[in-house]
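Hi everyone, thanks for coming. Let me put the structure up on the screen, and then we can walk through it together.

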Amino acid sequence: MTAHNPPRAADHPIAEVFLDRWSPRAFTGEPIPDELLATLFEAMRWAPSSNNSQPWRIIYGRRGAPAFDRLLGVISERNQRWAKDASVILALLSKRTLQGAPARNHSFDAGAAWAHLSLQATMAGWATHAIGGFNEAAARASLGVSDDYDIDVCVTIGRRADPAGLPDDLKPREMPSQRNKASSFISEGVFSREW
Ligand SMILES: Cc1cc2nc3c(=O)[nH]c(=O)nc-3n(C[C@H](O)[C@H](O)[C@H](O)COP(=O)(O)O)c2cc1C
């Protein structure tokens with residue numbers, strides 16, 4: 001039994017993909033075709049970045065491969081309960097320096113690349129779910145990440161499955177969430193005390 005939420009509706013016209021993208025936890029675990037994975041990474045490639053520095057890096061593993069198990073192993077146990085069924089897990093890194101100096105926007109740029117990946121996956125009928133709940137130190141050691149990179153987030157990619165297979169506490173959460181009104185984050189020209 002899936003819980004219900006009102007369908008997502010935009011207050012102003014936007015591309016369908018923005019509403020269609022959401023973060024499921026029930027995945028089929030089926031293998032992702034090589035060409036599709038290449039397409040998702042290609043979408044990341046075209047993200048904008050500070051000075052066109054393209055500071056994002058990814059380390060990925062396909063379900064069944066040792067790299068997948070390494071990535072799964074650094075994710076929190078709560079998240080492992082569902083992330084284990086993804087087709088791909090990746091760690092998204094960003095380079096902390098730009099031309100030898102500390103980079104100000106590396107994680108921001110990596111976030112843009114993640115958004116590209118996620119929206120491209122949605123357009124292909126696949127889904128993504130970002131995971132901040134992972135052990136950073138364990139990930140750094142297990143994946144051999146050097147100090148000049150941040151590990152910003154882990155991401156699962158997969159095809160949505162029936163939520164019946166999820167742990168009971170996660171079943172009611174398996175639906176698209178809603179959003180605050182745009183007016184809650186907008187102010188023309190000045191800082192707002194209303195935020
Ligand atoms: C940086 C980041 C970290 C997140 N970490 C987790 C996480 O550890 N576990 C989880 O279940 N979901 C995680 N999420 C998913 C968010 O909870 C989800 O994107 C948000 O509730 C909005 O829902 P939607 O993506 O379905 O629209 C994370 C999302 C982002 C962007």
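Let's begin with helix 2, residues 34–45, which lies across strand 1, strand 2 and strand 6. Relative to strand 1, helix 2 runs at about 165°. Helix 3 also lies across part of this region, over strand 1 and strand 2, and runs at about 115° to strand 1. Please keep in mind as we go that this is a predicted model.

So what is the order of the strands in the sheet? Reading across, the order is 1-2-6-5, in an open sheet of four strands with antiparallel pairing. Strand 1, residues 56–62, and strand 5 each have a single partner strand, so they stand at the edges, with one side of each left without a neighbour in the sheet. From one strand to the next, the twist averages 25°.

Now for the pairings themselves. Strand 2, residues 88–95, and strand 6 run antiparallel and are joined by eight bridges. If you want a place to look on the screen, find Leu90, which stands opposite Val155 in strand 6. Strand 6, covering residues 149–158, also pairs with strand 5 in the antiparallel sense, here over five bridges. For that pair, look at Thr128, whose bridge partner in strand 6 is Ile157.

Stay with strand 5 for a moment. Strand 5 spans residues 127–131, and is it mostly covered or mostly uncovered? Mostly covered: four of its five residues are buried. I like putting that next to its place in the sheet, because strand 5 is one of the edge strands, with one side lacking a neighbour in the sheet.

Let's go back to helix 3, residues 66–74, and bring in helix 6, residues 136–143. How do these two pack? Their axes are 8 Å apart, at an angle of about 160°. An angle over 145 degrees counts as roughly antiparallel, and helix 3 and helix 6 are therefore roughly antiparallel to each other. Their crossing is right-handed.

Which residues make that contact? From helix 3 we have Arg70, Leu71 and Val74, and they meet Ala138, Ala139, Ser142 and Leu143 in helix 6. Sorted by class, the contact has five nonpolar residues, one polar and one charged.

Next, a residue in helix 5, which covers residues 106–123: His106. Is His106 buried or exposed? Its relative accessibility is 11%, so His106 counts as buried. And what is around it? Setting aside neighbours within four places in sequence, His106 is in contact with Pro55, Ser94, Lys95, Arg96 and Asp150.

Asn51 sits in the loop between helix 2 and strand 1. Its phi is near 60°, a positive value in a residue other than glycine. Asn51 has a relative accessible area of 55%, so it is exposed.

Then there is Gln99, in the loop between strand 3, residues 97–98, and strand 4, residues 101–102. Gln99 is not a glycine either, yet it has a positive phi of about 50°. With a relative accessible area of 71%, Gln99 is exposed.

Notes: Residues are numbered from 1 along each chain as its sequence is written. This is a predicted model: local features need pLDDT of at least 70, side-chain atom pairs count only at pLDDT 80 or more; totals for chains, interfaces and linings use all residues. Side-chain values use heavy atoms; hydrogens and water are left out. Axes are lines fitted to C-alpha atoms, for helices over the stretch in contact, and angles run from 0 to 180 degrees between N-to-C directions. Angles under 35 degrees count as roughly parallel, over 145 as roughly antiparallel, 65 to 115 as roughly perpendicular and the rest as oblique. A crossing is left-handed if the near helix is turned anticlockwise from the far one by less than a right angle, and right-handed if clockwise. Contact means heavy atoms within 4.5 Å. Ala, Val, Leu, Ile, Met, Phe, Trp, Tyr, Cys and Pro count as nonpolar, Asp, Glu, Lys and Arg as charged, and the others, Gly among them, as polar. Buried means under 20% relative accessible area, exposed over 50%, partly exposed in between (1.4 Å probe, protein chains only). Two strands pair if DSSP finds at least two bridges between them.
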